[in-house]
Amino acid sequence: MERKVGRKVMLCTIELILKQPLFENAKVLAGKKYLDNVVNRTSVYDCSVKSGIFDKSIVKKGDLYISGLDQFATQPQEFTKFIQVLVNFQCSALIITDENAHLITEEIKEQCNRGKLPLIMVSWTVSYASIMETINNIIIQKYYHIFNGNKLNEIHTGKLNDAEKKRVLESINPKFKKLLQIVIVRGNLHSPMMENDLMAYFLKRQKDVYIFHDNLHYFLISHDSEEELNQIQTIFCNYLEQYFSNYTAGVSAVHPKKEVNLCLDEGLLALDTAYYLQEKRIVYDNKSILTLIMKLKDSSELYSYYDSLKSLISIYRSENDSTLFNTCKMFVQCKGSYRETANLMGQSEATIRYRINKLRQILGFEDDIVQFHTCITMLTMIDRML
């Protein structure tokens, strides 16, 4: 089952900027439909109005401008020209402070709406420095994730030899230790600030890396000791609920860092398994039957195996119209305990024994208890996956 990582680009948008605490009281005066505009850089324009002040060396597509509009206080007609320049160069947005709010007329708002230019007003107490720092941090952080996500994808394709793989991995982090384990999380962060917190936390951990790309969160954790690495991973995973809601996590086995592509394969497979089984977290285990089933989950043979056995079992119904398949699944869930299965299903233990014996007869395993348990276990796992 081939799966690429790092395909979807997550850039810095106006919408993302407005989710930051600094902008909690900001007002979008115009261009609300265009908050997905991408910001490439920030600039300030508060100088006196001069003809031809803007040229291609100053304004570029994706620029976000900040201004107090003092220079337009006595020349409102020049403000209209300024807006048009930003529109012509496909700038991402204009953030203004509220000292000169009277300049924002309905005509200006309409001009911004037509030009797909969000116009955002903040309090004069919010400094330019804090605005630029907040936005620039998001831009840097997003490009960090993009670059490293693309590098993971390059590694994961399997087209690199060991030397090339080492080079790419070291370009992500030259301080990785000998052993590597990857935790991959799909879920919603409690708030945009949580991503900042995770970035700050992992920047302090020089031997580890956090990458957010293609709506997946990759945590590459390294150590020289397998035992220590497993302990660190377990402790970290126990804290995931502090950052994420409605999440699932897949954890790879521990491998030498040169086998990072194997870590990615295992982490993604464990993530898919956790998703299908509606588990919070699953650690990859190559000895598990479930791992084998997940690798075959897109094959027609697996569906044929499942459909033929399930249809055979479902023909037979008990006296209360409960299928034998329900008993089969509960029996597996109870790890072969007749008593526990009977309690959970509200039936007598004798009834459960009768049904299980009936299952053995239907499946042709009356004389082979090992094959019977293997068969119903696989059947139940496939059912949970589907």
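Select residues 325–365: what percentage of the chain there is helix, what percentage is strand, and how far apart are the end C-alpha atoms? This is a predicted model, and over that stretch the chain is 78% helix and 0% strand. The end C-alpha atoms sit 16 Å apart. An unreviewed UniProt entry annotates residues 325–365 as "domain: PucR C-terminal helix-turn-helix".

Now zoom out to the whole protein chain. Along its principal axes, the C-alpha trace spans about 95 × 55 × 35 Å. Color by burial and 45% of the 386 residues count as buried. As for contacts with a separation of 6 or more, 71% are between residues 24 or more positions apart.

Next stop: helix α6, residues 192–204. Show side chains for M194, E195, L198, M199 and F202, the buried residues of this helix. Look down the axis of α6: those buried residues fall within an arc of 140 degrees, so they line one face of the helix. Why does such spacing work? An α-helix has 3.6 residues a turn, so residues three or four places apart point the same way. On the other side of α6, L203 and K204 are exposed.

Finally, select what covers the buried residues of α6, including α4 (128–156), β6 (179–189), β7 (209–213), β8 (216–223), α7 (226–238) and β9 (244–251).

Terms used
Residues numbered from 1 in each chain as written. Predicted model: local features only at pLDDT ≥ 70, side-chain atom pairs only at ≥ 80, totals over all residues. Heavy atoms only, no water. Buried < 20%, exposed > 50% of the residue type's maximum accessible area, 1.4 Å probe, protein only. Helix = DSSP H or I, 4+ residues; strand = E, 2+ residues; numbered from the N terminus. Arc of directions from axis to C-beta. Contact = heavy atoms within 4.5 Å. UniProt positions renumbered as here; feature names shortened; annotations may be inferred.
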